Amino acid sequence: MKAGLMRLLDRTAMCMAAARVPLPDGSSPHLIEARQLLERPDFMPAEAGAAQVKFSGNIRFQFESPCPSAFAENNVVHGRFYHCSGNWQRRPCVVMLHGWNDVIDHSIRFPLAARQFNRHGINAATLELPYHFQRRPRQLGAWGNFLCPDLLRMVEAARQAVAESRAFAQWLRQEGCPAVGLVGVSLGGWLAGLAVSHDARFACAVLMEPAARLDALVESAVFCRGIRLALGGQPLPAMNLNLTSVRPVISKENILIIESIYDLFVPAEITEELWRAWGQPEIWRLSHSHISILMAPGLYARIIRWMAPRLAAPAK
């Protein structure tokens with residue numbers, strides 16, 4: 001009964017998501033260009049400079065994306081910084097990355113979790129991912145979604161998101177924060193996984209229901225039908241995008257994977273595949289679906305207990 005209800009939540013959410021995703025408009029999916037970008041040795045640059053962060057209040061900030069797109073709105077990264085009282089620069093920080101169109105985490109759950117982190121002496125920040133919320137292009141005819149039938153733009157968005165999280169983390173380090181960790185949910189979990197596969201300076205990472213195989217998501221998810229139509233039967237080039245095909249550059253002892261065993265968005269077998277590919281880091285297998293985990297009581301308290309010692313003694 002419980003499992004059936006949880007899967008129903010996922011099915012309902014998937015159908016609602018599918019209704020909002022546009023179908024191909026006849027323009028090129030730029031498949032060849034997407035593949036060429038993924039094959040470039042600098043697809044994920046080795047170095048990441050610090051973001052030029054500007055605050056517009058006590059919490060809200062913004063900075064120019066280090067990996068700009070063709071759309072002005074999408075090139076400004078918006079975020080919120082929940083700092084500890086006193087000399088926050090001497091405290092570690094957790095950067096939280098939301099899921100695809102994830103208004104609940106972005107607007108409600110992350111701010112509540114941030115205050116929990118603060119009570120444990122940990123700063124917390126949230127970043128709006130490319131093509132989300134304030135960053136959606138308003139240009140007529142522009143795709144306004146991270147997942148879209150323009151494959152080159154989707155690959156560029158992934159690259160952009162990782163570059164932004166690394167740039168903001170580097171700003172935190174320059175300000176004096178002794179350690180920076182990542183918490184990512186779903187799409188954000190996938191991007192956090194890509195970040196720790198290219199930047200060894202992150203102290204730890206929590207990947208909650210990460211979309212570990214983009215190719216599997218595109219092949220099966222009802223809300224990816226437009227992408228499948230754009231591909232026209234050709235496989236999605238995902239060699240450097242699937243977490244199962246890359247390897248983390250931080251210690252597996254500093255990685256936590258959270259799996260929802262009734263997940264219909266990211267089936268448990270995909271998460272298990274990631275767990276094995278990454279050398280079996282710590283994994284929590286929870287009796288939830290992709291959506292019901294948003295209501296899991298006490299989850300962030302557990303996450304904080306796991307992260308705190310790793311942020312206190314980051315890997316050298």
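Reader: Which residues of α4 and α5 meet?

Author: This is a predicted model. In it, A158, A161, V162 and S165 of α4 meet W190, L191, L194 and A195 of α5. By type, the residues of this contact divide into seven nonpolar, one polar and no charged.

Reader: How do I read the geometry of a helix pair, and at what angle do the axes of α4 and α5 cross?

Author: Take the distance between the axes, then the angle, then the hand. The axes of α4 and α5 come within 9 Å and cross at roughly 65°. Angles of 65 to 115 degrees count as roughly perpendicular, and α4 and α5 are therefore roughly perpendicular to each other. Their crossing is right-handed.

Reader: What is the angle between α3 and α9?

Author: Helix α3, residues 103-119, packs on helix α9, residues 299-312, at an angle of about 45°, and the axes are 10 Å apart. That angle makes α3 oblique to α9. The crossing of α3 and α9 is right-handed. On the α3 side the contact is made by R109, F110, A113, Q116 and F117, and on the α9 side by L299, Y300, A301, I303, I304 and M307. The residues of this contact divide into nine nonpolar, one polar and one charged.

Reader: Why look for a nonpolar core?

Author: In soluble globular proteins, nonpolar side chains tend to be buried together. Here the largest nonpolar core has 80 residues. Those with the most contacts inside this core are F168, L172, W190, L191, F223 and L241. Helix α4, residues 151-175, supplies the largest share of the core, 13 residues. Apart from this core lies another of 29 residues, among them V183, W284, Y300 and M307.

Reader: Which residues is F168 in contact with, leaving aside its neighbours within four places in sequence?

Author: F168 is in contact with A51, V53, F61, F63, V95, A125 and L127, once those neighbours are left aside.

Reader: How do I judge a residue that sits in a loop? Is F146 buried or exposed?

Author: F146 lies in the loop between β5, residues 123-127, and α4. Its relative accessible area is 0%, so F146 is buried. Leaving aside neighbours within four places in sequence, F146 is in contact with W100, P130, Y131, H132, R153, M154, A157, A158, L187, W190 and L191. W190 and L191 are also among the α5 residues that meet α4.

Reader: Where does P210 lie?

Author: P210 is in the loop between β7, residues 204-208, and α6, residues 214-220. At 0% relative accessibility, P210 counts as buried. Beyond its neighbours within four places in sequence, P210 is in contact with S186, G189, W190, L243, I258, V266 and L274.

Reader: What should I check about S186, and what is its phi?

Author: Check the backbone angle, then the surroundings. S186 has a positive phi of about 60° although it is not a glycine. S186 is placed in the loop between β6, residues 180-185, and α5, residues 187-195. With a relative accessible area of 14%, S186 is buried.

Reader: Which value does phi of H30 take?

Author: Phi of H30 is near 55°, again a positive value in a residue other than glycine. H30 lies in the loop between α1, residues 2-20, and α2, residues 31-39. The relative accessible area of H30 is 25%, so this residue is partly exposed.

Reader: Which residues is P29 in contact with, leaving aside its neighbours within four places in sequence?

Author: P29 is also placed in the loop between α1 and α2. Leaving aside those neighbours, P29 is in contact with P149, D150, L151, L152 and A230. Sequence separation and distance in space are separate quantities to read. P29 and R201 are 172 residues apart in sequence and 35 Å apart in space, C-alpha to C-alpha.

Reader: Where is the place of Y82, and what does Y82 touch?

Author: Y82 belongs to strand β3, residues 76-82. At a relative accessible area of 5%, Y82 is buried. Not counting residues up to four places away in sequence, Y82 touches I59, P111, A114, R115, N118, N123, A124 and T126. The C-alpha atoms of Y82 and M6 are separated by 32 Å, and the two residues are 76 apart along the chain.

Conventions:
Residues are numbered from 1 along each chain as its sequence is written. This is a predicted model: local features need pLDDT of at least 70, side-chain atom pairs count only at pLDDT 80 or more; totals for chains, interfaces and linings use all residues. Side-chain values use heavy atoms; hydrogens and water are left out. Axes are lines fitted to C-alpha atoms, for helices over the stretch in contact, and angles run from 0 to 180 degrees between N-to-C directions. Helices (H or I, at least four residues) and strands (E, at least two) are DSSP runs, numbered from the N terminus. Angles under 35 degrees count as roughly parallel, over 145 as roughly antiparallel, 65 to 115 as roughly perpendicular and the rest as oblique. A crossing is left-handed if the near helix is turned anticlockwise from the far one by less than a right angle, and right-handed if clockwise. Contact means heavy atoms within 4.5 Å. Ala, Val, Leu, Ile, Met, Phe, Trp, Tyr, Cys and Pro count as nonpolar, Asp, Glu, Lys and Arg as charged, and the others, Gly among them, as polar. A nonpolar core is a set of buried Ala, Val, Leu, Ile, Met, Phe, Trp, Tyr and Cys residues joined through side-chain atoms within 4.5 Å. Buried means under 20% relative accessible area, exposed over 50%, partly exposed in between (1.4 Å probe, protein chains only).
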